[in-house]
Amino acid sequence: MAPPKKGDLTDEEKVLVHAIAEGNVQEASRVLGCKGVRVNSLDEHGMTPLMHAAYKGKEDMCKLLLQHGADVNCNEHEYGYTALMFAGFSGNKNITWMMLEAGADTNVVNSIGRTAAQMAAFVGQHDCVTVINNFFPRERLDYYTKPQGLDKEAKLTPKLAGPLHKIIMMTNLHPVKIVMMVRENALLADVAALGKCYRVLDLICEKCIKQRDMNEVLAMKMHYISFILQKCITFLKEREDKLDGLIKSLLKGRDTDGFPSYQEKLIRDCIRKFPYCDATLLQQLVRSIAPVEIGNDPTALSVLTQAITGQVGFIDGEFCTACGEKGADKRCSVCKMVLYCAQDCQKQHWFTHKKVCMKLRDQREKHEAEVAKQKEKQEKTKQNKGESEEAIEDTSVPQEEPSDGHNVVEKTQSGEPAALSVSESGINTAASETEQTSEE
Ligand SMILES: [Zn+2]
Ligand SMILES: [Zn+2]
C-alpha cells in the first residue's frame, strides 16, 4: 500500500478522527475494523490518529490505536511534531510512558530543533519531562552485551542485562529496595557480576553528560544505582551477613529517634561524589541538602527522589517505612505509626523499630487524647451556642488522625493498652490481613 498522503482522508477515516475527538473508543474500534481504514492516515496538518489521541490525553484511545499498529514514530507533521511530543503537551504521564514503551524515539527533533523532553519542559509539563528523562530503552543496555571496538569481551553478560534493566527502570529509589532487588537475584548478587554492572552504569552516566542532548537526571540516577551496587560489593566481600548486613545498616535507626542516619549519610555521600561537578542538578541537590541537619526533613532520599522522578514526599503515609514501596497498607500493630508494604519488610525493620515503637505509641496516644479532649470541649461550646450537628462533625476530626483513632483512645483510657497482645515481631498478621481486604 502506498504511504498515506497529507489530507487524503476517506470518509471513514474522518469518522475515526471525529471519534477520537469525542473520546468514543467503541466507535473508533468499529471504524478501525472496517476494510481500507488506515491507522496511520494523515490529516491536512500531517497528524495521525495517534497524535490526535495523545494530544487530547485519551489513554484508552492511544492503547487501541497502538494495538491496531499505529506508528509511534511517524514524523509527517508540518512542524515535525511526534506522538511523544503531543503526549508531552497533554501533560498525561501514562500516555507519555505508553509512547515510550511502544518505541518512541526520544532524540527526534521538531522543526525548531527541540526534542520531546524539551518541548514538554517548554510548555511546563514537568511530570512528562521526568517520565521521558527516566526512560531507558533496553536496547541501550543491550549494547553493552556485545564486544565494542577493541574489546575482546562484552562489558555485560546478556543474562545480567534483564535484572539490571529492571533496577534502572525503577522509580522507587529507596536503597533498601535496590539492595533487595540485588539480593533476590542469585546471578546479580555476586561480586564479579555487580562489578560489571556498576562499570556499565558509570559508562552510561558519562554518556548522559557528554551527549549532545545532556540528560543530568538519568546521569544522576545511573551514578546513584552504581554507588549502591558498589556498597553491595563491599558488604559481600567484607561482611559475614552479606547483603542482609547492608539492609540492616541502611535500616538501623539512631537511638534518640530511630532516624536511619547511616542511610542518610550514605545518600549524601553518593550525591557529593557525582563525578561531574558542573552539573546544574548536582548543585541544586547540594543546595537543598547541605543546610539540613541530619534527622530533619527533607531527607537526602526525598530530595534525590524528587529530582529524579518528580515524586514529592515520603511522609504522606502511603510508603513502606523499610523499602519505600508505594501503597504500603500494613501498620505496626503496636504504635500504629509506621507502614509496611509486606510482612517481610516489617520483620526486617523490627530490630531497630522496636527501640522506638513504644515511644511512638505513647506520643500517638497522648496526641489522640488531646484531640479527643479538644473535640469534647468544642462540642460542648457548640452545643451551648445551639449550632447544628453537621457543623460539629465537620470540624471535629483532624486529617492526620488514623481512622481507628477514637477506638484506641477509648481502650487505653480504660486501662491496658490495646497492643500488648502482640507477638515479638510486632506483627499482628490477622489484623493487617483483614484491614487490607476490608479496605478494598
Ligand atoms: Zn517494603
Ligand atoms: Zn511500632
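Guide: What follows takes several descriptions in turn and sets each against its criterion; the model itself is predicted.

Visitor: What makes up the protein chain in terms of helices and strands, and what share of the residues is buried?
Guide: The protein chain has 21 helices and 2 strands. Of its 440 residues, 36% are buried. Among contacts with a separation of 6 or more, 63% are between residues 24 or more positions apart.

Visitor: Why is I95 called buried?
Guide: A residue is buried if 20 or more other C-beta atoms lie within 10 Å of its own. I95 has 28 C-beta neighbours inside 10 Å, and therefore counts as buried. This residue belongs to helix α6.

Visitor: Which residues does I95 touch, leaving aside those up to four places away in sequence?
Guide: They are A54, G57, E59, C62, A87 and S90.

Visitor: Why are α6 and α8 called roughly parallel?
Guide: The axes of α6 (residues 93–101) and α8 (residues 126–134) cross at roughly 25° and come within 9 Å. Angles under 35 degrees count as roughly parallel, and the two helices are therefore described in that way. Their crossing is right-handed.

Visitor: Which residues make the contact of α6 with α8, and how are they classed?
Guide: K93, T96, W97 and L100 of α6 meet D127, C128, V131 and I132 of α8. By class, 5 are nonpolar, 1 is polar and 2 are charged.

Visitor: What classes of residue does the contact of α11 with α13 have?
Guide: On the α11 side are P175, I178, V179 and V182, and on the α13 side I225, I228 and C232. This contact has 7 nonpolar, no polar and no charged residues.

Visitor: How do you know that α17 is largely enclosed by the rest of the structure?
Guide: The criterion is again 20 or more other C-beta atoms within 10 Å. In α17 (residues 300–309), 7 of the 10 residues are buried, so the helix is largely enclosed. The buried residues are A300, S302, V303, L304, T305, A307 and I308. What covers them includes α8, α13 (216–238), α15 (261–272) and α16 (280–289). After α17 comes G310, with a positive phi near 80°.

Visitor: Which residues does the UniProt annotation "repeat: ANK" cover?
Guide: The unreviewed UniProt entry gives residues 45–77 and 79–111. Over residues 45–77 the chain is 48% helix and 0% strand, with the end C-alpha atoms 6 Å apart. Over residues 79–111 the figures are 52% helix and 0% strand, with the end C-alpha atoms 5 Å apart.

Visitor: Where does UniProt place the feature "domain: MYND-type"?
Guide: The unreviewed entry places this feature at residues 320–357. There the chain is 39% helix and 11% strand, and the end C-alpha atoms are 16 Å apart.

Notes. Residues numbered from 1 in each chain as written. Chains lettered and ligands numbered in written order. Predicted model: local features only at pLDDT ≥ 70, side-chain atom pairs only at ≥ 80, totals over all residues. Axes fitted to C-alpha atoms, helices over the stretch in contact; angles between N-to-C directions. Helix = DSSP H or I, 4+ residues; strand = E, 2+ residues; numbered from the N terminus. Parallel < 35°, antiparallel > 145°, perpendicular 65-115°, else oblique. Left-handed = near helix turned anticlockwise from the far one by under 90°. Contact = placed C-beta atoms within 7 Å. Nonpolar A, V, L, I, M, F, W, Y, C, P; charged D, E, K, R; others polar. UniProt positions renumbered as here; feature names shortened; annotations may be inferred. Buried ≥ 20, exposed ≤ 12 C-beta atoms within 10 Å, placed from the backbone.
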